[in-house]
Amino acid sequence: MSDEQTRVQEFFTARAADWDSRFPDDGPAYAAAVAELGLRAGDRVLDAGCGTGRALPPLRAAVGTSGMVLGADLTPAMLREAVRAGRDRDGHLLLTDVAALPLRSHSLDAVFGAGLISHLENPAENLRELARVVRPGGVLALFHPIGRAALAARHGRSITPDDLRAESNLRPLLAGSGWRLTSYVDEDARFLVLALRED
């Protein structure tokens, strides 16, 4: 494991047990973001960096029993909390890094990534890996239940021009990784970027 993977794993391991209780009101925001993916019954979707699996129930509801829901995370403690919360009933959990997914190319219809982009070691490469596993025309959603300014304030910081989630930085990053940005929303109550997998 790289130093960055170890850092991410240590960060989330220390917070896994109380993660859900720290953010108890995020459920509706997750459900609303999943709804914007436009999933249909039978679709195959990955929650990349799923953590405790908060997106898995709305993803399962969107694709129904005929669909496939996967949750991938690098941190065993987060996946244990997902199981403890019973969210493994809504999706199959994978202990893996999104940088090297054990999935066939073009095998998914969509990827959902909550809070993911800021934890990617090599964003361009990692977004290319997500593009690899999604069919052409499939969808990527990068989500956070609060906007960039609110998140920065929560951490006692200000937004800087080099913020990876700024539209001016994210649009070319996605374009160079096989995605076309189609929607960008950055409000106090949510951050949601939708992108289509290019042919």
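**An enclosed cavity and the buried residues of the model**

The residues lining the largest cavity comprise five nonpolar, four polar and one charged. Here Ala, Val, Leu, Ile, Met, Phe, Trp, Tyr, Cys and Pro count as nonpolar, Asp, Glu, Lys and Arg as charged, and the others, Gly among them, as polar. The model is predicted: local features need pLDDT of at least 70, side-chain atom pairs count only at pLDDT 80 or more, and totals for chains, interfaces and linings use all residues. Residues are numbered from 1 along each chain as its sequence is written, and side-chain values use heavy atoms, with hydrogens and water left out.

A cavity is a set of points, on a 1 Å grid over the protein atoms alone, where a 1.4 Å probe fits but cannot get out; lining residues have an atom within 4 Å of a point. Grid points are joined across faces, edges and corners, and a volume is the space filled by probe spheres set on the points. One cavity of 30 Å³ or more was found. The volume of the largest cavity is about 50 Å³. Its lining consists of G113, G115, L116, I117, S118, L142, F143, H144, R165 and F191. Strand β5 (residues 134-144) contributes the most to this lining, with three residues. Strands (E, at least two residues) and helices (H or I, at least four) are DSSP runs, numbered from the N terminus.

R165, one of the lining residues, sits in the loop between α7 (148-154) and α8 (167-175). R165 has a relative accessible area of 14% and is therefore buried (under 20%; exposed is over 50%, partly exposed in between, with a 1.4 Å probe and protein chains only). R165 and S118 are 47 residues apart in sequence, yet their C-alpha atoms are 7.9 Å apart in space. Beyond its neighbours within four places in sequence, R165 is in contact (heavy atoms within 4.5 Å) with I117, R148, L151, L170, Y184 and F191.

Helix α3 (residues 27-35) has Y30, A33 and V34 buried. Viewed down the axis of α3, these residues fall within an arc of 100 degrees, so they line one face of the helix. The arc is taken over the directions from the helix axis to the C-beta atoms. P28 and A35 are exposed on the face turned away from the buried side of α3. The cover over the buried residues of α3 includes α4 (56-63), β4 (108-114), β5 and β7 (190-197).

S107 is located in the loop between β3 (92-95) and β4. S107 counts as buried because its relative accessibility is 8%. Apart from its neighbours within four places in sequence, S107 is in contact with R44 and V133.

Definitions and conventions:
On a 1 Å grid over the protein atoms alone, a cavity is a set of points where a 1.4 Å probe fits but cannot get out, and a pocket is an open set with protein on both sides within 12 Å along at least five of seven lines; lining residues have an atom within 4 Å of a point.
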